[in-house]
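Please read these notes with the model open beside them.

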Amino acid sequence: MKKFMVLYMAPSAQFEQMMKNATPEQHQKGMDAWMTWMSANKASLVDGGAPLGKTKRVDANGAKDTKNEVGGYSIVQADSHDAAAKIFGKDHPHLHMPGAWIEITEIMPIPGM
């Protein structure tokens with residue numbers, strides 16, 4: 001089986017607005033949908049992942065705060081990239097957020113390890 005890094009993406013301003021304006025009931029409904037999805041796909045989940053917080057960019061000049069559109073991650077296993085993509089159908093809870101998308105990247109094995 002191959003492993004894939006899954007990135008849950010959304011425009012940062014839109015995500016912040018949604019989190020700020022959502023009621024406790026809406027938060028709970030969202031969490032329930034995620035838990036249902038995770039339970040239904042537990043055989044494929046290597047790491048269920050988590051939401052991601054603030055970002056630092058480090059380069060040769062040092063570290064500084066930055067923003068990106070990555071809201072969270074998971075790691076899944078599947079026979080192929082296409083099979084991994086099928087795990088995340090149009091009904092995935094993350095895709096209910098306006099403007100959201102999911103990126104799936106193969107984790108390449110390191111030769112000799």
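1. For the lining counts below, Ala, Val, Leu, Ile, Met, Phe, Trp, Tyr, Cys and Pro count as nonpolar, Asp, Glu, Lys and Arg as charged, and the others, Gly among them, as polar. By that scheme the lining of the second largest pocket has 6 nonpolar, 7 polar and 6 charged residues.

2. This is a predicted model, in which local features need pLDDT of at least 70 and side-chain atom pairs count only at pLDDT 80 or more, while totals for chains, interfaces and linings use all residues. Residues are numbered from 1 along each chain as its sequence is written, and side-chain values use heavy atoms, with hydrogens and water left out.

3. The largest pocket has a volume of about 850 Å³ (a pocket is an open set of points on a 1 Å grid over the protein atoms alone, where a 1.4 Å probe fits, with protein on both sides within 12 Å along at least five of seven lines; lining residues have an atom within 4 Å of a point; the volume is the space filled by probe spheres set on the points, which are joined across faces, edges and corners). Its lining numbers 28 residues, of which M18, M19, G30, M31 and W34 are the closest to the centre. The helix α2 gives the most to this lining, with 9 residues, and by class the lining has 16 nonpolar, 11 polar and 1 charged residues.

4. The second largest pocket holds about 340 Å³ of space. Among its 19 lining residues, S12, E16, G53, K54 and N68 are the closest to the centre, and the largest share, 3 residues, comes from α1.

5. Strands β3 (residues 55-59) and β4 pair in the antiparallel sense over 5 bridges (pairing needs at least two DSSP bridges), and a hairpin joins β3 to β4 through 2 residues. K56 stands opposite D65 in β4.

6. P11 lies in the loop between β1 and α1 (12-21) (helices, H or I, of at least four residues and strands, E, of at least two are DSSP runs, numbered from the N terminus). P11 counts as partly exposed because its relative accessibility is 23%, where buried means under 20%, exposed over 50% and partly exposed in between, with a 1.4 Å probe and protein chains only.
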